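Thank you all for making time this morning.

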Amino acid sequence: MADAGAADGLAAYEPLRLMDGTPIRCGTSRVTVNRSGLGEVAGYGMDKSHHAFYWGTKLMLITTAEGTATAFSLAHPKELDERKQALHLLHVQQIAPGPCPIVCDKGFAGAGIEKAAADLGHPLIRPNRQDEHEPALPFPSWLRQRIEAIIWTLKNQLGLERHNARTTDGLWARVSQRILALNAAIWHNWNTGEPIKRSLTAYDH
């Protein structure tokens, strides 16, 4: 787990966080798996978004609504499932200056994690699962799309999908580089008054 070096912008103090987990693929061939030095954090997991198995690690990311990452962690996909990884991250990192709700998806449903997160001052806001019949809380679906867009920025525009790490230390370094680069761009956009704080257009040359 790691403090993401949150940008010193007004949004870092907003009373809301977004949270999601995403696979970080680290190899596709059996030879790569056998030769890799990523055994501490990498293993076989299920990418539910693409209904496919992968070999790699799981990135858990907590951000502000405009994209500033305030905490993240990497975990072996079998040793820590998504809910356990999220709860561990909430215990070891201060994600906000004070208590705040966290918008997440229904994969984080569960009485245990919801009570534990609420006890830490972070009630989870998520859509209802199909088997839940009680009235759902008003759920801002555009915020779910935003955390997905933030992850897309890290993986594609900032090259996290092509990290090429072969050791645990190398993977941590490459993930940290991308997250710090995103936070630095957002910090700069806050200070220059750019309307879209997560825009990387000015740095895309």
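This is a predicted model: local features need pLDDT of at least 70, side-chain atom pairs count only at pLDDT 80 or more; totals for chains, interfaces and linings use all residues.

What you see here comes to five helices and seven strands of secondary structure, where helices (H or I, at least four residues) and strands (E, at least two) are DSSP runs, numbered from the N terminus. Residues are numbered from 1 along each chain as its sequence is written, and side-chain values use heavy atoms, with hydrogens and water left out.

The chain has 205 residues, and 48% of them count as buried, by which I mean under 20% relative accessible area, with exposed being over 50% and partly exposed in between, for a 1.4 Å probe and protein chains only. If we take contacts, meaning heavy atoms within 4.5 Å, between residues at least 6 apart in sequence, then 64% of them join residues at least 24 apart.

Let me turn to a pair of helices. How do the axes of α2 and α3 cross? Helix α2, residues 82-92, and helix α3, residues 111-119, have axes that come within 10 Å and cross at roughly 10°; these axes are lines fitted to C-alpha atoms, for helices over the stretch in contact, and angles run from 0 to 180 degrees between N-to-C directions. The two helices are therefore roughly parallel to each other, since angles under 35 degrees count as roughly parallel, over 145 as roughly antiparallel, 65 to 115 as roughly perpendicular and the rest as oblique. On the α2 side the contact involves R83, A86, L87 and L90, which meet I113, A116 and A117 in α3.

Finally, helix α5 spans residues 168-192, that is 25 residues, and reaches 36 Å from its first C-alpha to its last, close to the 36 Å expected at 1.5 Å a residue, a span taken as 1.5 Å times one less than the number of residues. Its buried residues include L171, V175, I179 and L182, and what covers the buried residues of α5 includes β2, β4, β5 and α4. T168, which also lies in α5, is buried with a relative accessible area of 8%, and T168 touches G37, L38, E40 and V41, leaving aside residues up to four places away in sequence. After α5 comes G193, whose phi is positive, near 75°.
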